[in-house]
Amino acid sequence: VLSFGDLELDRGGSLLSSVSGSVTLTRLEYRMLEALMLNRGIYLSTEELLVKVWGYESDAESGAVWVYISYVRKRLAAIGADIEIRAKRSVGYTLAKIGDAD
């Protein structure tokens with residue numbers, strides 16, 4: 001189990017949980033959140049996320065990262081997590097506790 005704040009990601013069953021609820025993630029949502037949790041505190045670029053989530057051989061484009069970031073944000077909101085995905089233009093994405101300074 002990976003954890004950050006009140007968030008827990010079950011690596012065996014793709015279950016995302018917080019104190020307010022839980023939801024099962026799709027394979028790509030899981031891989032996106034896992035990459036962010038394993039690299040928390042570090043901004044991952046769109047290109048880095050493409051490789052970590054879809055792999056080197058994929059034809060996926062940067063738009064796919066934006067779409068899945070949106071999906072994971074909705075999942076975090078749905079379970080009332082105290083964690084959010086932050087973005088910095090031309091830098092990338094990271095996980096942070098809601099209310100913490102950057």
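A: One term to begin: the radius of gyration is taken over C-alpha atoms, and the globule rule is 2.2 Å times the number of residues to the power 0.38. This is a predicted model, where local features need pLDDT of at least 70, side-chain atom pairs count only at pLDDT 80 or more, and totals for chains, interfaces and linings use all residues. Residues are numbered from 1 along each chain as its sequence is written, and side-chain values use heavy atoms, without hydrogens or water.

Q: Ok, so what radius of gyration does the protein chain have?
A: The protein chain has 13 Å, which agrees with the value near 13 Å for a compact globule of 102 residues.

Q: How many helices and strands are there?
A: Three helices and six strands, counting DSSP runs (helices H or I, at least four residues; strands E, at least two; numbered from the N terminus). Along the sequence the order is β-β-β-β-α-α-α-β-β.

Q: What about the inside: how much of the chain is buried?
A: 43% of the 102 residues; buried means under 20% relative accessible area, with a 1.4 Å probe and protein chains only.

Q: Which residues have the most contacts inside the largest nonpolar core?
A: Leu 16, Met 32, Leu 36 and Leu 49, in a core of 30 residues. Such a core joins buried Ala, Val, Leu, Ile, Met, Phe, Trp, Tyr and Cys residues through side-chain atoms within 4.5 Å.

Q: And which helix gives the most to this core?
A: Helix 1, with seven residues.

Q: What does Met 32 touch?
A: Beyond its neighbours within four places in sequence, its contacts (heavy atoms within 4.5 Å) include Leu 49, Trp 54 and Tyr 68.

How values were computed:
Buried < 20%, exposed > 50% of the residue type's maximum accessible area, 1.4 Å probe, protein only.
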